[in-house]
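Here is a friendly briefing to read alongside the model. Keep the structure open and follow the topics one at a time.

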Amino acid sequence: MPNLKSRRNFIRSSATLSAGAFLLPRVPMIVPSSFFTKDAPSNKVQIAQIGCGRIAMTHDLVETFKHESARIVAMADVDRYRLEAGKKRVEEWYAKKTGKASYIDIKMHDDYHELLVNKDIDAVIISTPDHWHAQPAMEAALAGKHIYLQKPTSLTIEEGRSMSDTVRKSGVVFQLGSQQRSMHPWPQFKKACELVRNGRIGQLHTVHVGLPADPPGGNTTEMPIPEGFNYDMWLGSTPYIYYTQDRVHNQKDIESRGGWLRMEQFGAGMITGWGVHHIDIAHWGMDTELTGPIEVEGSAQFPKTGLWNVHGDYEVKAKYANGITMLINSKNPNGVKFEGSNGWIFVSRGNVGVTASDPGAGSGGQNKAFNASDPKILTSVIGPNEVHLYESREQHLNWVDGIINKKPTISPAEVAHRSCSACLVAHAAMKLGTKLYWDPKKELFKDNIEANKLLSRPQRYPYGTNYVLNKQKK
């Protein structure tokens, strides 16, 4: 793993020639004064971006770029058009920020494995489609790179377990993109969870989670694979299937929402896409961050025609060992509502979104972002001897600070996995339409063979988390 401190020390060098080593005369080394300043590249966390699509270019890179302790140095993508567009945009950002047209030369890689072997790279941001989350996170951890991973953590619960265990054993600093935990731009989520944890609504008994749903549709017509796009690698561990743009993404409209988000081959739909955000907050308020439900039942509408096949409207009821019931559906207002014996608190993003496609963004304040049965609850002060939750200013900065100071982040791997696994357990209930009994310790369904089949998927060689694990055993 790259050592940041060692790079901050004075660089000592000696030279030898292979034809017969001999010492060169000592010459004073002239180093620019900028080498020793806080703005020197050696004083920053050197970051590579894996995936140059919508979330990377409109959120992850934008937020990371703001922080002086971080420096973006490389990018990887299987789509050459997006890779070159990403390089150009980041270099323009730095040119404008520094006033130097050639301040940085972002290194491009068609295969992210190439940047993982670069010892000068300290960390990676993984902003790929859902089916390409767990594998590169595992490989980055094994390469000693710190990881910022977009949610959800995995395509299956088995993948998520492998990822979390690998990160834990590696000791790298991990952060999930569950940015609702951080104070910027939504301080209301932490406040809501602290109020609930400190009994301001009495005994918590029910949590309502409102999530969006995706529409059916999509063009099923087979199309030629675009030039410069490694479609086979993009499919990764999932089965090979013919190319059509609505199955993947619009190559040149980087900021549009990709069709893969509506394909079960690559993800579970909004139950994980947005569910990880709100169920993570529900877990935070419920004090169940390292476990999951014990009973779950659900139903959902799944498209019968068209290309896109993730769920439409749905309802899920999940019960936790502490007696709290979580009700998840697509009809509630987008957000999380905590109900207790003495009142309720509702929290959402309101009109502040991350991307233009955020549900609720620009809704004109139809639902208050922070509300309660009694307004006085919201202004209640948390005392010094009460529960104070981890405070993070901004999700990406919290990660970078964690790397520099060798401290855990606000969204570590196991907490991230548990948020995702709760969503995937709910998805299993939606698919099977029956009541399931879940063991969160063993991560198995009790007495249900069909449900346990949904914990993993066959993986297409040479891709997938199983491939990574098998390589480690050899």
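An open sheet of nine strands runs in the order β13-β12-β11-β7-β10-β9-β8-β14-β15, with mixed pairing. Its edges are β13 (370-372) and β15 (444-445), each having a single partner strand, so one side of each is left without a neighbour in the sheet. Please keep in mind that this is a predicted model, in which local features need pLDDT of at least 70, side-chain atom pairs count only at pLDDT 80 or more, and totals for chains, interfaces and linings use all residues. Residues are numbered from 1 along each chain as its sequence is written, and side-chain values use heavy atoms, with hydrogens and water left out.

**The chain overall**

- The secondary structure comes to 15 helices and 15 strands; helices (H or I, at least four residues) and strands (E, at least two) are DSSP runs, numbered from the N terminus.
- Of the 474 residues, 54% count as buried; buried means under 20% relative accessible area, exposed over 50%, and partly exposed in between (1.4 Å probe, protein chains only).
- Taking contacts between residues at least 6 apart in sequence, 73% join residues at least 24 apart, where contact means heavy atoms within 4.5 Å.

- Strand β11 (residues 335-340) pairs with strand β12 (residues 343-347) in the antiparallel sense over five bridges; two strands pair if DSSP finds at least two bridges between them.
- Gly340 has Gly343 in β12 as its bridge partner.
- Helix α13 (residues 413-432) packs on the sheet and touches β8 (295-300), β9 (314-319), β14 (436-439) and β15. The direction of α13 makes about 55° with that of β8; axes are lines fitted to C-alpha atoms, for helices over the stretch in contact, and angles run from 0 to 180 degrees between N-to-C directions.

- How many residues of strand β1 (residues 45-50) are buried? Six of the six are, so β1 is largely enclosed by the rest of the structure.
- Val45, Ile47 and Gln49 point one way from β1, while Gln46, Ala48 and Ile50 point the other way.
- In a regular strand the side chains alternate between the two faces of the sheet.
- β1 and β2 pair in the parallel sense over six bridges, and Ile47 has Ile72 in β2 as a bridge partner.

**Two helices side by side**

- The axes of helix α5 (residues 134-142) and helix α15 (residues 465-473) come within 8 Å and cross at roughly 25°. That makes α5 roughly parallel to α15; angles under 35 degrees count as roughly parallel, over 145 as roughly antiparallel, 65 to 115 as roughly perpendicular and the rest as oblique.
- On the α5 side the contact has Ala134, Gln135, Met138, Glu139 and Leu142, and these meet Thr465, Val468, Leu469, Lys471 and Gln472 in α15.
- By class, the contact of α5 with α15 has five nonpolar, three polar and two charged residues. Ala, Val, Leu, Ile, Met, Phe, Trp, Tyr, Cys and Pro count as nonpolar, Asp, Glu, Lys and Arg as charged, and the others, Gly among them, as polar.

**Salt bridges**

- The structure holds 30 salt bridges, each a side-chain nitrogen of Lys or Arg within 4 Å of a carboxyl oxygen of Asp or Glu.
- Lys97 forms one with Glu68, their closest N and O atoms being 3.1 Å apart. This pair links distant parts of the chain, with Lys97 in helix α3 (residues 80-98) and Glu68 in the loop between α2 (54-65) and β2 (70-76), 29 residues apart. Lys97 is partly exposed at 37% relative accessible area, and Glu68 is partly exposed at 41%.
- Lys87 forms a salt bridge with Asp105, with 2.6 Å between the closest N and O atoms. Lys87 lies in helix α3 and Asp105 in the loop between α3 and β3 (107-109), so the pair ties together parts that are 18 residues apart in sequence. Lys87 counts as buried at 16% relative accessibility, whereas Asp105 is partly exposed at 44%.
- Glu264 and Lys431 meet through their side chains in a salt bridge (2.8 Å, N to O). Glu264 sits in the loop between α8 (231-235) and α9 (270-273) and Lys431 in helix α13, 167 residues apart. Glu264 counts as buried at 14% relative accessibility, and Lys431 as partly exposed at 39%.
- A network of salt bridges links Arg161, Asp165, Arg168, Glu414, Arg418 and Glu443.
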